[in-house]
Amino acid sequence: MQLDPDAAVVLAALNDPERTPFDRMDVAEARAAYGAARAATTLEPIPLPMIRDLALEGPAGKIPARLYRPRPEADGPLPALVFFHGGGWVLGDLDSHDGLCRRLAAAAGCAVVAVDYRLAPEHRFPAAFEDALAATRAVAEGAAGPGVDPERLAVGGDSAGGNLAAAVCLALRDAPGPRLRFQMLIYPALDFAMATESQRLFAEGHFLTAALQRWFRGHYLGEAGPIGDWRASPLQAASLAGLPPAFVLTASHDPLRDEGETYGARLAAEGGVATLWRVPGQIHGFLPLDRAIGASAGVVDVLGQHLAPNLEVRRDGARSDLSRRE
């Protein structure tokens, strides 16, 4: 399978020998470079009727978050996607995924609550997981305001954010808490063992190299981190039964491809509902790069089409006639 031409151009730039990869930078340098790269590869953000910063209660203080609504607040409460950004648990913030969150809200017709969880290495595992879980609980308890319907919640995220979303679903299955209607996992990182065939195939030259993954893992888990803990590696959970329906998006040229697809297959085999979509010709992290990779916009539309019915959203924002899945 050939690379998408736009993705090939992005990879050529990333593989330029004059460019220093993130894993050869210190954390501050990598964060600055990540932010600059994201600004250069993201289109101007689409306008929405409401965007508001929030502060959610967390285990170590307030968790910054941002609410996106594709309809005015006067139109009443909307279901919501609680979204966790990617960046290897080390990079990224509310601004790095602002454009993607706006497009997801518009595509699905739902609210999006983006969560700025604590990053490593300042805050190692399980800090990011604990913040993601606390933020989801806070939104379910009404912390995002009357514009969000706490009975119609999904969780999702890209890469490291997909890892956090999957772990939150596992945690809420096994402990008292809100009932989630859906999980949207975008090329998720689900197993720190890094032992799949796609890891071997794309270990070099495809942005998320083996060295970069080890750099992320070292900062997040530490050198002797608990890679078998389901909160870090959801694929290693003993059971995936009883979880919300899932949409799992993978990219054909991504080292994380196989773990995402194995996770979706396990969800289905263990009695759940999972839709798998391998996007052909794409690389890890392509979705927010809408200025550089033209296919990104169409993929976001598909995500919205799957998210909306699971949250019972019509395009006019009203509750659909689908039966409640109690």
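Modeller: Welcome! One definition before we start: helices (H or I, at least four residues) and strands (E, at least two) are DSSP runs, and they are numbered from the N terminus. Also keep in mind that this is a predicted model.

Colleague: Thanks! So where is Pro126 found?

Modeller: Pro126 sits in the loop between strand 4 and helix 4.

Colleague: Let's follow the chain into helix 4. At what angle do helix 4 and helix 5 pack?

Modeller: Helix 4, residues 127-140, packs with helix 5, residues 160-174, at an angle of about 65°, and their axes are 9 Å apart. Their crossing is right-handed.

Colleague: Which residues of the two helices make the contact?

Modeller: From helix 4 there are Ala128, Phe129, Ala132, Leu133, Thr136 and Arg137, while helix 5 brings Leu164, Ala167, Val168, Ala171 and Leu172. Sorted by class, the contact has 9 nonpolar residues, 1 polar and 1 charged.

Colleague: What about Ser159, where does that lie?

Modeller: Ser159 is in the loop between strand 5 and helix 5. Its phi is near 60°, which is a positive value in a residue other than glycine.

Colleague: Switching to the strands: in what order do the strands of the open sheet come?

Modeller: The open sheet has 8 strands in the order 1-2-4-3-5-6-7-8, and the pairing is mixed.

Colleague: Which strands stand at the edges?

Modeller: Those are strand 1 (50-58) and strand 8 (274-283). Each has a single partner strand, so one side of each has no neighbour in the sheet.

Colleague: How much are neighbouring strands turned against each other?

Modeller: By 25° on average, ignoring direction.

Colleague: New topic, pockets! How much space lies in the largest pocket?

Modeller: The largest pocket holds about 650 Å³. Its lining counts 41 residues, and Phe22, Tyr34, Arg38, Phe207 and His284 lie nearest the centre.

Colleague: Which elements give two or more residues to that lining?

Modeller: Helix 1 (5-14), helix 2 (27-41) and helix 7 (210-221) do. Helix 2 supplies the largest share, 6 residues.

Colleague: How does the lining of the largest pocket divide by class?

Modeller: There are 23 nonpolar, 12 polar and 6 charged residues.

Colleague: Last one: what volume does the second largest pocket have?

Modeller: About 280 Å³. It is lined by 14 residues, with Leu14, Asn15, Arg19, Pro21 and Thr209 closest to the centre. The lining of the second largest pocket has 6 nonpolar, 3 polar and 5 charged residues.

Colleague: Great, thanks for the tour!

Terms used: Residues numbered from 1 in each chain as written. Predicted model: local features only at pLDDT ≥ 70, side-chain atom pairs only at ≥ 80, totals over all residues. Heavy atoms only, no water. Axes fitted to C-alpha atoms, helices over the stretch in contact; angles between N-to-C directions. Left-handed = near helix turned anticlockwise from the far one by under 90°. Contact = heavy atoms within 4.5 Å. Nonpolar A, V, L, I, M, F, W, Y, C, P; charged D, E, K, R; others polar. 1 Å grid on protein atoms, 1.4 Å probe; cavity = no way out; pocket = protein on both sides within 12 Å on 5 of 7 lines; lining within 4 Å. Points joined across faces, edges and corners; volume = space filled by probe spheres on them. Pairing = 2+ DSSP bridges.
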